[in-house]
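Could you walk me through this structure, step by step?

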Amino acid sequence: LLSAFQPKLFTGKRMLITAGPTQETIDPVRVITNHSSGKMGYSLARAAIEMGAEVTLVSGPVALQAPAGANTIHVTSAQEMLAAVEAHLKDQDIFISVAAVADYRPIQVSQHKIKKNTAPLTLTLEATPDILATIASRDDAPFCVGFAAESENMLQYAEEKRRRKRLPLIAANIASEALGRDQSSLVLLDDEGIHPLPQAPKLTLARGLLQHVAAMLDKSQAA
Ligand code: CTP
Ligand code: CA
């Protein structure tokens with residue numbers, strides 16, 4: 001196994017990772033959700049463990065096996081994901097928010113199944129909490145890393161998100177090239193500029209991203 005050869009850059013470090021989609025209930029049989037296989041977040045959890053980190057993985061509903069060695073917590077909604085992240089935030093060194101959180105949820109959850117008819121149906125939605133922005137704005141925030149899946153203007157939108165959420169680092173990709181795939185590419189954006197990680201399996205991208213995080217933490221400790 002290659003894992004034996006990963007440099008143990010995160011020995012003694014605690015890392016919290018969110019992964020997968022969230023689901024927001026409409027009625028007993030229907031949900032609002034996002035496309036997300038969870039592969040990128042689970043690959044990051046696996047790579048972090050290989051590199052010596054103690055990993056807590058907060059996962060939305062995915063069809064993947066929990067990574068060996070991670071403390072995996074399963075959640076469904078954005079609200080539950082935020083609560084699980086907050087409950088496990090103490091003593092975390094790094095938070096990587098990979099989850100494709102549903103941005104809106106129905107204001108009212110219907111107790112019973114909404115019966116269909118041919119007329120258009122209007123649902124009123126409210127914003128869900130922004131988990132990453134909430135954590136990154138805390139006084140005791142760990143080193144926070146975001147993801148940005150964009151369909152256009154990737155670098156501009158990702159950099160705007162990085163600044164708006166006050167993140168030292170964000171990883172951007174084009175949604176159609178990443179979602180559900182085993183391979184992808186990433187562009188890392190930080191205060192120094194942009195760092196492309198070329199097309200590769202998600203586990204390889206995860207290792208590259210974590211090496212970049214380790215280098216940034218090293219630098220901030222030296223300063
Ligand atoms: N994120 C989050 N909670 C949310 C929405 C997003 O924690 N309710 C996190 C994602 O995990 C990701 C980052 O914020 O790390 C950016 O998510 P993205 O959906 O690309 O950006 P949004 O800020 O939601 O903006 P938009 O969807 O309009 O592009
Ligand atoms: Ca969003």
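With 15 C-beta neighbours inside 10 Å, Pro129 counts as partly exposed. That label comes from counting other C-beta atoms (placed from the backbone) within 10 Å of the residue's own: 20 or more is buried, 12 or fewer is exposed, and partly exposed is in between. Pro129 sits in the loop between strand 8 (125-127) and helix 3 (131-136). Helices here are DSSP runs of H or I with at least four residues, strands are runs of E with at least two, and both are numbered from the N terminus. Leaving out residues up to four places away in sequence, Pro129 touches Ala78, Gln79, Leu82 and Thr134. Touching, or being in contact, means that the two C-beta atoms, placed from the backbone, lie within 7 Å.

Before going on, a word on what you're looking at: this is a predicted model, where local features need pLDDT of at least 70, side-chain atom pairs count only at pLDDT 80 or more, and totals for chains, interfaces and linings use all residues. Residues are numbered from 1 along each chain as its sequence is written, while chains are lettered from A and ligands numbered from 1 in the order in which they are written.

Pro129 also turns up in a record. In an unreviewed entry, UniProt lists Asp103, Lys113, Pro129, Asp130, Ile131, Leu132, Phe147, Lys161 and Lys165 under "binding site". Those positions are given in the numbering used here, the feature names are shortened, and such annotations may be inferred rather than shown by experiment. The listed residues are spread over 63 residues of sequence, and in space they reach up to 37.3 Å between C-alpha atoms. Take Asp103 from that list: its place is the loop between strand 6 (94-97) and strand 7 (104-106). Asp103 is partly exposed, because 14 other C-beta atoms lie within 10 Å. Neighbours within four places in sequence aside, Asp103 is in contact with Ala127 and Thr128.

Now for the ligand. Which residues are closest to ligand 1? They are Ser97, Val101, Ile131, Leu132 and Gly146, out of 14 residues that surround ligand 1. To be near a molecule, a residue needs its C-beta atom, placed from the backbone, within 6 Å of it. Helix 3 and strand 9 (143-150) are the elements that give two or more residues to this shell, and strand 9 gives the most, with four. By type, the shell divides into eight nonpolar, three polar and three charged residues. In that sorting, Ala, Val, Leu, Ile, Met, Phe, Trp, Tyr, Cys and Pro are nonpolar, Asp, Glu, Lys and Arg are charged, and the others, Gly among them, are polar.

Let's zoom out. The chain has six helices and twelve strands. Its C-alpha atoms fill a box of roughly 60 × 35 × 35 Å along the principal axes. A compact globule of 223 residues would have a radius of gyration near 17 Å, so the chain's 18 Å agrees. The radius is taken over C-alpha atoms, and the globule rule is 2.2 Å times the number of residues to the power 0.38. Of the 223 residues, 39% count as buried. Among contacts with a separation of 6 or more, 61% are between residues 24 or more positions apart.

What about the inside? In soluble globular proteins, nonpolar side chains tend to be buried together. Here the largest nonpolar core has 56 residues, and those with the most contacts inside it are Ile17, Leu44, Ala48 and Leu209. Such a core is a set of buried Ala, Val, Leu, Ile, Met, Phe, Trp, Tyr and Cys residues joined through C-beta atoms within 7 Å. Helix 1 (residues 39-50) gives the most to this core, with seven residues. Leu209 touches Leu44, Ala171, Leu186, Leu188 and Leu197, not counting residues up to four places away in sequence.

Finally, have a look at some loops. Asn153, in the loop between strand 9 and helix 4 (154-164), has a phi near 45°, a positive value in a residue other than glycine. Is Asn153 buried or exposed? Asn153 is exposed, because it has 10 other C-beta atoms within 10 Å. Arg166, in the loop between helix 4 and strand 10 (169-174), isn't a glycine either, yet has a positive phi of about 55°. With 13 other C-beta atoms within 10 Å, Arg166 is partly exposed.
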